[in-house]
There are 2 protein chains.
Amino acid sequence: MNRPGLRERKKIETLHRLQEEALRLFDEQGYDETTIEQIAAAAGVSPSTFYRYFPVKEDVVVQDEFDPLIVNVFESQQEGTAPLEALRAVLAALFAEFTEEDIERVRRRVRMIFAVPALRARQVGQSDATERLLAEMVAERSGRSPDELEVRHFTALVVASWTVAISAWAETEGSKDDLAANLDKCLAHLEAGAPL
Amino acid sequence: MNRPGLRERKKIETLHRLQEEALRLFDEQGYDETTIEQIAAAAGVSPSTFYRYFPVKEDVVVQDEFDPLIVNVFESQQEGTAPLEALRAVLAALFAEFTEEDIERVRRRVRMIFAVPALRARQVGQSDATERLLAEMVAERSGRSPDELEVRHFTALVVASWTVAISAWAETEGSKDDLAANLDKCLAHLEAGAPL
DNA sequence: CATAATTCTGATAGCTACTGTCAAATGACA
DNA sequence: TGTCATTTGACAGTAGCTATCAGAATTATG
């Protein structure tokens with residue numbers, strides 16, 4: 001049996017404490033003006049420990065664990081669905097489970113990411129990784145190669161839609177449903193060939 | 001008459017020397033393994049001078065001056081054209097003027113940008129700026145606001161198409177025309193609603 | 001329960017990117 | 001040639017990040 005254990009619980013606790021204190025300090029004094037020493041002190045650990053949890057400063061805001069979840073949801077879908085529809089459903093299902101509190105956390109983080117260039121820059125690394133992941137999943141299903149131009153292009157477009165939808169949503173006070181609505185609007189607009 | 005003058009000529013010269021030596025050193029020893037001191041020494045200037053030309057290390061590869069050119073070409077177009085068609089024409093016209101040598105330089109830079117995460121991250125800052133620029137231009141013409149979801153989404157999609165087209169092209173040994181062909185393929189695919 | 005093995009933490013030293021300041025050098029111009 | 005404006009180099013300092021290592025805390029074992 002793999003019970004949680006004291007060690008693991010403590011780790012998760014420090015992780016969250018670091019993220020929360022960091023977010024608070026960034027809000028209060030700005031990102032660049034906040035040093036890792038301050039964050040570590042606020043969370044009651046040493047700077048060394050901070051770096052063990054987050055390889056770079058940006059990750060204390062940007063890091064998330066959605067990629068494996070996306071894969072799970074996608075794979076548990078029936079084969080027939082069209083790629084675009086499938087991805088829409090995946091994303092919808094993903095944040096359907098979030099509590100109101102989760103959503104507020106996401107909003108704070110997204111706002112900060114798009115407000116601080118360094119964070120946005122770091123986040124693109126994650127987006128690129130997710131994009132490659134989607135490409136592989138989509139390619140596998142449609143019996144194509146993930147390196148094909150059309151496949152890469154498709155996934156890049158979907159990620160772009162998602163990025164616009166969530167950044168526009170974060171600027172508002174909208175609910176979870178508003179985010180879903182934004183995403184639907186964008187994907188529909190994409191499916192229509194992005195007319196203007 | 002605004003003749004170049006020795007001072008200005010020297011400045012452009014040092015700028016190019018810094019870029020070239022940097023590119024060479026990055027190729028030879030890798031990006032992270034190359035220090036600014038080395039680049040400066042290779043170009044025969046002090047590290048202080050490097051920072052005067054490039055605020056951050058990444059910019060010695062990433063920095064370009066295409067944005068103002070894009071605006072110029074776009075504004076000198078007739079009003080009637082549809083936004084997507086207009087942007088396609090702008091980009092085509094932009095690199096139509098490049099010499100073979102220019103193109104090779106671009107290819108080297110693009111390859112390096114997509115190979116080194118730090119460079120890719122920095123480049124996104126530029127892309128975001130270009131995206132906002134496009135949004136303003138497109139919005140102005142179509143009498144909309146650049147903050148509208150559809151407008152933002154449209155420009156994000158176009159930038160994504162462009163990114164895929166150029167990164168796929170850079171991986172090959174293709175000519176200037178191949179880049180144009182890639183871009184046409186992507187934009188056509190977008191216009192068709194990104195079917196898979 | 002005591003001891004051994006494993007994992008986590010904190011302290012230290014060091015490298016490099018980057019900033020700010022100031023005096024010296026260099027080109028522009030009368 | 002002499003004066004003014006701009007560019008440059010030297011120096012000092014901050015902060016992000018890496019590597020290393022001894023000691024503390026947790027877990028596994030006899």
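A:Ala194 lies in the segment that follows α10 (176-191) of chain A, where helices (H or I, at least four residues) and strands (E, at least two) are DSSP runs numbered from the N terminus. The model is a predicted one, in which local features need pLDDT of at least 70 and side-chain atom pairs count only at pLDDT 80 or more, while totals for chains, interfaces and linings use all residues. Residues are numbered from 1 along each chain as its sequence is written, chains are lettered from A and ligands numbered from 1 in the order in which they are written, and side-chain values use heavy atoms, with hydrogens and water left out.

Although A:Ala194 is not a glycine, its phi is positive, at about 55 degrees. Most residues other than glycine have a negative phi. With a relative accessible area of 4%, A:Ala194 is buried; buried means under 20% relative accessible area, exposed over 50%, and partly exposed in between (1.4 Å probe, protein chains only). In chain B, B:Ala194 lies in the segment after α10. B:Ala194 likewise is not a glycine and has a positive phi of about 55 degrees. The relative accessible area of B:Ala194 is 4%, and the residue is buried.

Chain A has ten helices and zero strands. The C-alpha atoms of this chain fill a box of roughly 50 × 50 × 30 Å, taken along the principal axes. Of its 196 residues, 46% count as buried. Contacts (heavy atoms within 4.5 Å) in chain A were also sorted by sequence separation. Among those between residues at least 6 apart in sequence, 64% join residues at least 24 apart.

The two protein chains meet at an interface in which 30 residues of chain B are in contact with 30 residues of chain A. Chain B and chain A bury about 2800 Å² between them, and 69% of this area is on carbon and sulfur atoms. Buried area is the accessible area (1.4 Å probe) that two parts lose on being put together, summed over both. In chain B, the residues that lose the most area to chain A are B:Leu149, B:His153 and B:Leu196, which together make up 26% of what that side buries.

Four salt bridges are counted between chain B and chain A, a salt bridge being a side-chain nitrogen of Lys or Arg within 4 Å of a carboxyl oxygen of Asp or Glu. One salt bridge joins A:Arg120 to B:Asp128, with the closest N and O atoms 2.8 Å apart. Ten residue pairs, both at pLDDT 80 or more, are in polar contact between chain B and chain A. A polar contact is a pair of N or O atoms within 3.5 Å; within protein, one must be able to donate a hydrogen and the other to accept it, and residues adjacent in sequence count only if both atoms are side-chain atoms. On the side of chain B that touches chain A, α8 (117-142), α9 (149-171) and α10 (176-191) of chain B each supply at least two residues. The most comes from α9(B), with 13 residues. By class, this side of chain B has 16 nonpolar, six polar and eight charged residues. Ala, Val, Leu, Ile, Met, Phe, Trp, Tyr, Cys and Pro count as nonpolar, Asp, Glu, Lys and Arg as charged, and the others, Gly among them, as polar.

Within chain B, B:Arg111 is placed in helix α7 (residues 100-115). B:Arg111 is partly exposed, with a relative accessible area of 35%. Not counting residues up to four places away in sequence, B:Arg111 touches B:Ala170, B:Glu171, B:Thr172 and B:Glu173. The side chains of B:Arg111 and B:Glu173 make a polar contact (3.0 Å).

DNA strand C has 20 residues around it, of which A:Lys11, A:Thr49, A:Arg52, B:Lys10 and B:Lys57 come nearest; a residue is near a molecule or strand if one of its heavy atoms lies within 4 Å of it. Of the atoms of DNA strand C that come within 4 Å of the protein, sugar and phosphate account for 62%. A polar side-chain atom of A:Arg52 lies 2.6 Å from a base oxygen of DNA strand C. A polar backbone atom of B:Ile36 is 3.4 Å from a phosphate oxygen of DNA strand C. The most is given by α3(A), with four residues. This surface has seven nonpolar, six polar and seven charged residues.
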